[in-house]
Every structure is written in structure tokens, then in C-alpha cells.
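Good morning, and thank you for making time for this item. I would ask you to look at the sequence and the model before I take up the charged pairs.

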Amino acid sequence: MKIVKFGGSSLANGEQLSKVIDIMQADPTRQVLVVSAPGKRSNDDIKVTDLLIKYANNIDNTKLENQIINRYREIANYFTLPANKFSHIADEIANLKYKKYPNDEYRLAAFKAHGEKLNAMLIALIFNHLHLPAIYGDPLALGITVTGTPGAASIHPSTYQNISRFPFQGHYLIVPGFYGYTTSHNIATFARGGSDITGSILARGLKAELYENFTDVSAIYAANPQIIKNPQPINQMSYKEMRELAYAGFQVFNDEAIIPVIEGNIPINVKNTNQPTDPGTLIVPPTQLKVTNEITGVASSKRFAAIYLHRYLLNKEVGFTLKILKILLKYNISYEHMPSGIDDLTIIFDKSQTTPKQIKQLLHDIQTTIKPDILNFLDNYTIIMIVGEGMRNKSGVLAHILAPLAAENIGIQMINQGASRISVMLGVTQENANRAVQVIYDAYFD
């Protein structure tokens, strides 16, 4: 059995859904379909989820309500679904504002989740209308149980056993992604990569042979196509490689979403809805990986910042690092890396978790508590990740990476090689970031 997940761009309209139906029929082992809410039909369009968020904050807006209904009606009409069968979808949208919710957070979560819920319900109706027997797999009936907050739910371990008992043999199972139910039967959504998480959970719960994740790209590439022209596609990569590259900016799907399939040892195939016969990229356990290149990919992320401090005899002070950590804890900031020397220290962190005001207060506390001779905030920091299982047993990897950078006069502010020896992390300034990626890519792939 294969679990197949389609994103919003693959389900934006009837024409795209028709491709999805063809893909499902092309392989009889594709039995479970996980769907997102309808995405953008064009660059200036609005996702259904965004419309539902607006609707949640303005429930008396009849025009907005009708706009949401019409997005689904447009898909239904493409397949000539009878009006009496579609009416339930329209009623669900109209009745959203009358339902009772524990608080405003649960209310917003329920509105957002209905993008996926109504799409799954509609697609199940369309499948049956086309004489393709299908069941709508409501997360409550499946037993997808969650804990945590309404907008940042975590899966409860009982979910996997619940899913394994759900009967659907002889039918397609159409499941909405993005949400589950609390023990009080309230809807709660996953924070990031919602539909990807649902697909991953189902793959593990049903012990699937493969989790197919269909997007609008034909593969994961060895570098960002916005930086490198026509980068090489990655045919196969390990879970670890995917996690390392996702950390530094690979955005095919959220890396946290694949944890259930990693735990279930299930391969993932990233494929293209618009070119479904393309092989895509296979993400496998390390034991199944066929290593062909020294490195698999190079990625960069500009979301980082750094604090540099210098003080003589820093290494002699007992408890110095503990003082730093207490200050970071005070402002709820988790650090990513903390390279140090005998007299200096650099604290690298994700700046998206801070505000300018927090940074100012943080620097003040460090200056007051640590009393460094030099204290600088580096806002233009970029992390570059060079990742590959082929580096594990290879000597001279760092020299191969650093030599062409030195030849191009690109300065390195930080070097860190992971203990697993499948990744090298470099810190560079933002103005050098894209050029550094190009130089490293050329050294290995061009």
C-alpha cells in the first residue's frame, strides 16, 4: 500500500484534481489519498485557508462566505457533481459561524482546518460520482488524536494503533490533512507542514510500503534553483541528509513532518503532480541508500544572526557558559551553535524568534553580566550546509570545500563538522552567501 499526499497547488481547481485522479488510478497500490485545502489558481489568487482565516475574523461577511463556497463549487461543477450532493459542502461552510468553540484559538483552528476537511469530503463525493468507490476518512473516526495547543498540536501515540484498525478495503480512503482531534473532540491544527504530517502519520499507522508526496517540482535539487541555474536533481537521499539540508533552507516540505515515517522506516518519494512519470527524489533510511556522490546537496539560510563577544582569559572562568544560557533562557531564545576560542565566543541563533527590542535587552544583559571587552551583534549572518553521506569515510573533505572559497576570497566566519561526518556547516556574511553556494556547487557538480 502507498499513502499519497497532494499539496494545495495540486488541488487548486478541477483541472488539477483531474490529474490527481489519474495518478491515483495509474497505480492500484495507491489506496490512501491525503489532501490539502485548494491552493492558488494563479499568482494573484488567494488560498482557501487564507480565505477561511479572514472569514473567522469577519463571520458576518457574506461575500467572503460565498467566495469560499464558490471555490469548492467551481471544482464540483468541473466534474458535473449534482447540486444536491454539493449542498452539504455549502451548508458546512455556512454553519461554521454558528458552532460553539471552547475559545477563540479553537475557533480559528476549526475554521482553518475546514479547508482540508471540506476538500476531502468533496473529493470523496467526486470519486464516487466517477464510479471510483471512496470513503471520506474523518480524522475523528480514524482516531487521529492530538495534544498541545489549538494551533500547534502534537500527535498522541495512540493514533497509530487507532489508524491501523480503520476499515476501508476495496475503497479509496480520502483523508484531510493538517488537523486532528483532542480528547474533548475539538479540532486542533498542526503548526507546520500540516498535511505532510498527516500523510506521514497515516503511512506509519498503516505500515505503508511508500509515502508519495506530490508537489509542483519534479525533484529535490542539489542546490536552490534561485541561486544555481538548472541544478542537478537528487535521485536518492537519506533521512539524515534531508534533515540536514532542510535545516538550512530546503523547502520541499517541512522536515519535522517526516518524523513518523522515519520512525516507521518508510521511504518517501517526492514527485511532481504535473509530471507524474518523472522519478522524483527518493528519501530512504541510511541502510537503503546507494551512495554515488561525495556530497548530495548544498543549502543556505539567511535567517540567522550572531552575537560575538571577546574577553581575555574567558576560558578560565568556571560557569561562564551557564551565565550565557541563563540570559538566553530569560528571553526564550534557543541557540543553534556556540563556537568558542580561548578568549572569545560566538552565539548563533535563529533571529526569527526575536525582536529588535529583545536583541537590545539581550545585549544589555550580556554586557552587564559578562562584561566583555568587545560585544558585537552580527545581523548579516548566513549558514551554509554541505551535506552528503559520501563524506563520511572521505578524507580531505574540508580542503575540497575551503580551497575554492579561498580562491574566490570568500571569508569563513565559522566552521563546524557534525559528529556523523555527513555535514559541514559554514558561517559567512549574507553578501557572500550566494556566491559561496555557487563556488561550492561548481567544485562538486559542475
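**Salt bridges in the predicted model**

E65 is buried, its relative accessible area being 9%; buried means under 20% relative accessible area, exposed over 50%, and partly exposed in between, with a 1.4 Å probe and protein chains only. This is a predicted model, in which local features need pLDDT of at least 70 and side-chain atom pairs count only at pLDDT 80 or more, while totals for chains, interfaces and linings use all residues. Residues are numbered from 1 along each chain as its sequence is written, and side-chain values use heavy atoms, with hydrogens and water left out.

The side chain of E65 forms a salt bridge with that of K97, at 3.2 Å from N to O; the term denotes a side-chain nitrogen of Lys or Arg within 4 Å of a carboxyl oxygen of Asp or Glu. E65 belongs to helix α3 (residues 62–78) and K97 to the loop between α4 (83–95) and α5 (104–129), so the pair ties together parts 32 residues apart in sequence. Helices (H or I, at least four residues) and strands (E, at least two) are DSSP runs, numbered from the N terminus. K97 is partly exposed, at 22% relative accessibility.

How many salt bridges are there by this rule? The count comes to 14. One of them joins the side chains of E212 and R30, at 2.6 Å from N to O. Because E212 lies in strand β9 (residues 210–215) and R30 in strand β2 (residues 30–35), this pair ties together parts 182 residues apart in sequence. Both E212 and R30 are buried.
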